[in-house]
Structures are given as structure tokens and as C-alpha cells.
Amino acid sequence: MLFTLLALLSVSTFGCALHLPIATEFLLQNGNNRIIGGKDTPIEAIPWQVLLLNQGRHDCGGVIYSKNIIITAAHCVCDTYGNILDPKIFDVRVGSSTSNNGGSVIKVAKTIVHDRFTLYPITEYDIALILLSSPLEMGPTVKAIPLAESVPNDGAAVLVSGWGYTEIGEASLQLKSVSVNIVSREECARAYGYKRITQLTICAAAPGKDSCGGDSGGPLVCEGELVGIVSYGIGCAEPGYPGVYANVVELRKWVEEEATKLSST
Ligand code: 4AZ
């Protein structure tokens with residue numbers, strides 16, 4: 001049994017190295033599965049926000065990069081063994097403030113995961129691209145967001161959003177957003193260690209405010225530009241444990257190159 005586990009843990013398939021989702025692990029350890037000080041926000045205020053559905057159910061958040069490409073977290077499109085899930089099980093809901101209706105629902109044609117992503121533990125490269133089966137119709141509720149070119153300063157205000165777990169311990173039907181502040185690498189590494197908190201991650205926190213389970217893959221935004229993708233954390237709004245995000249500035253080149261390739265498939 002132990003051998004099987006160890007063997008499984010060392011396996012890496014199709015770009016998602018095997019793992020147990022660290023966020024779930026942490027949530028279980030902490031028993032603190034809740035957001036987090038947000039407020040209901042209309043999709044018009046965050047029109048790049050999308051919902052990723054797995055077999056019709058809310059799974060994760062995502063971000064509109066272009067009319068046919070969505071950015072999300074790698075762990076959102078992998079199973080707990082680290083395999084890339086069949087893209088056919090996913091749909092993306094765009095242009096709606098509510099998770100269970102409205103806007104349009106579009107089928108996923110293809111997913112790609114950063115080839116350096118590992119699921120156990122999640123540390124860096126928690127980023128994936130989704131190719132939609134038909135192009136988005138852009139409008140006031142459906143817009144792409146530019147990728148940031150520089151990392152915000154420590155302390156800068158950033159907005160994170162999604163339909164993830166709220167204070168009442170349930171996923172929200174209504175889109176919520178919350179303002180948090182960039183936390184220095186030093187402070188974040190005090191919680192998670194320097195091995196995990198590298199240049200490829202960015203951390204944010206504020207008292208009583210955070211992203212949480214179900215927000216993964218969603219946007220962290222500074223001044224109208226995408227700076228992070230919701231990745232993981234110990235608990236949610238747990239003092240001393242900032243939310244950890246994939247650092248979009250460092251992953252920008254990968255996104256641009258892979259999106260170009262993906263769009264021409
Ligand atoms: C999760 O489980 C998760 N507080 C996402 C973000 C955070 C914690 C957990 C950050 O998807």
C-alpha cells in the first residue's frame with residue numbers, strides 16, 4: 001500500500017505531476033473553509049471573470065485572455081492523480097454574476113498545463129490555458145484583461161474575485177470580490193517557506209479577507225491588469241497565512257507563446 005502510494009507520488013503524466021491538492025490538504029488540516037470579507041460584485045465590474053464548470057458543476061474560476069483563450073489554475077484541470085482531465089468534461093460560463101445561470105456556457109476544446117507544474121505539492125507554475133470550442137462575443141459583461149508587465153509593490157491594493165467559499169462555508173451563487181494587499185516575499189515565506197514562495201508566486205492578504213476554495217484559477221488584479229491567478233493557501237483569511245497566487249508577470253511569456261500556438265490549433 002505504502003509502496004503503491006510512493007510509486008504513485010513519483011509518477012508524472014501529461015504535464016500534471018501527481019499530487020494531492022495541497023489546498024484541500026491545508027483546508028482539511030485547518031478546518032477553516034471560508035471567505036473572507038468580500039462583497040457581491042456585478043460581472044460588469046469584473047467582465048474578465050469566468051466560471052469553470054466540471055461536469056456542469058462549479059469547479060474553479062478563470063480569466064478571459066482573448067476571444068478563445070481562458071487562463072486558469074493548473075490544479076483546476078488535473079485530477080488528484082495529476083493527470084490532465086478530459087477537456088470534454090469542462091465548460092466555461094462567461095458574462096454572468098451568478099454561478100448557476102445567465103451569460104453563456106461554452107464547451108472547452110482543449111486544455112494545456114504548464115509543463116513544470118507539480119501537484120504535490122503545489123508550489124509554482126499553477127497555470128493552465130483553455131481553448132474554447134467557439135469564440136466569445138465580447139461586450140460589457142465579457143472582456144479580456146491585459147497581463148501586467150510589472151509586479152505591484154508590497155502593500156499595493158489588489159482585487160481577487162470568484163464564486164468560492166464564503167463565511168457561511170458554502171460556495172457563493174453570487175460573484176464576490178475582495179480587496180487584499182500584496183505581501184512581501186519574506187513575510188509570505190515565513191508561512192510557507194522560501195522553497196515554495198519563489199519569484200513565480202505572489203502573495204496577498206488583509207485581515208478577515210482572502211480567496212478560498214472554489215476561487216482557484218480566478219483573477220488577482222491591480223489597476224486593471226492581471227497580476228495573479230488564485231492558487232492555494234493554508235485555510236482562508238487565516239492570520240499569518242496569505243493567499244498564494246501564480247505570478248502572472250513571470251508567467252507572461254509562457255502565456256503569450258502558448259496562447260499563440262493554441263489559437264492556431
Ligand atoms: C482552494 O482550495 C484555495 N486562501 C484557494 C485559495 C486559498 C485557499 C484555498 C487562499 O482552492
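This is a predicted model: local features need pLDDT of at least 70, side-chain atom pairs count only at pLDDT 80 or more; totals for chains, interfaces and linings use all residues.

C188 and C203 are both buried.

**Exercise 1. State how many disulfides the structure holds, and describe the link of C60 and C76.**

Step 1. There are three disulfides in the structure.

Step 2. In the disulfide of C60 and C76, the sulfur atoms are 2.1 Å apart. The value about the S-S bond is -85 degrees, and the link is left-handed.

Step 3. C60 is located in strand β5 (residues 57–64), while C76 is in the loop between β6 (69–72) and β7 (90–94); the pair therefore ties together parts that are 16 residues apart in sequence.

Step 4. Burial is judged against a limit of under 20% relative accessible area. C60 counts as buried because its relative accessibility is 5%, and C76 is buried with a relative accessible area of 2%.

**Exercise 2. Assign the handedness of the disulfide between C212 and C236, and locate both cysteines.**

Step 1. C212 and C236 form a disulfide with sulfur atoms 2.1 Å apart.

Step 2. The link of C212 and C236 has 80 degrees about the S-S bond and is right-handed.

**Exercise 3. Identify which residues touch the most other members of the largest nonpolar core, and examine the contacts of I229.**

Step 1. The general expectation is that, in soluble globular proteins, nonpolar side chains tend to be buried together.

Step 2. The largest nonpolar core has 61 residues, of which I71, V92, L129, L226 and I229 touch the most other members. Helix α4 (residues 248–263) gives the most to this core, contributing six residues.

Step 3. When neighbours within four places in sequence are left aside, the contacts of I229 include V63, I71, I127, V244, Y245, A246 and V248. Its contacts also include T72, D126, G217 and G218.

Step 4. A second, separate core comprises 16 residues, among them A148, V158, C222 and V227. C222 counts as buried because its relative accessibility is 12%.

**Exercise 4. Decide whether T198 is buried or exposed, and find which residues it touches.**

Step 1. T198 is placed in the loop between α3 and β12.

Step 2. The relative accessibility of T198 is 14%, so T198 counts as buried.

Step 3. Not counting residues up to four places away in sequence, T198 touches E124 and R185.

**Exercise 5. Give the number of salt bridges, and explain where the partners D91 and K107 lie in the chain.**

Step 1. The structure contains six salt bridges.

Step 2. One of them brings together the side chains of D91 and K107, at 3.3 Å from N to O.

Step 3. D91 lies in strand β7 and K107 in strand β8 (residues 104–113), so this pair ties together parts 16 residues apart in sequence.

Step 4. D91 counts as buried because its relative accessibility is 12%.

**Exercise 6. Trace the salt bridges of R252 with E256 and of K261 with E258.**

Step 1. The closest N and O atoms of R252 and E256 are 3.2 Å apart. Because they are four residues apart in helix α4, about one helical turn separates them.

Step 2. E149, R252 and E256 are linked in a network of salt bridges.

Step 3. K261 and E258 form a salt bridge with closest N and O atoms 3.0 Å apart. Both lie in helix α4, three residues apart, about one turn of the helix.

Step 4. E256 is partly exposed, with a relative accessible area of 29%, whereas E258 counts as buried at 18% relative accessibility.

Key: Residues are numbered from 1 along each chain as its sequence is written. Side-chain values use heavy atoms; hydrogens and water are left out. A disulfide is a pair of cysteine sulfur atoms within 2.5 Å. Helices (H or I, at least four residues) and strands (E, at least two) are DSSP runs, numbered from the N terminus. Buried means under 20% relative accessible area, exposed over 50%, partly exposed in between (1.4 Å probe, protein chains only). A nonpolar core is a set of buried Ala, Val, Leu, Ile, Met, Phe, Trp, Tyr and Cys residues joined through side-chain atoms within 4.5 Å. Contact means heavy atoms within 4.5 Å. A salt bridge is a side-chain nitrogen of Lys or Arg within 4 Å of a carboxyl oxygen of Asp or Glu.
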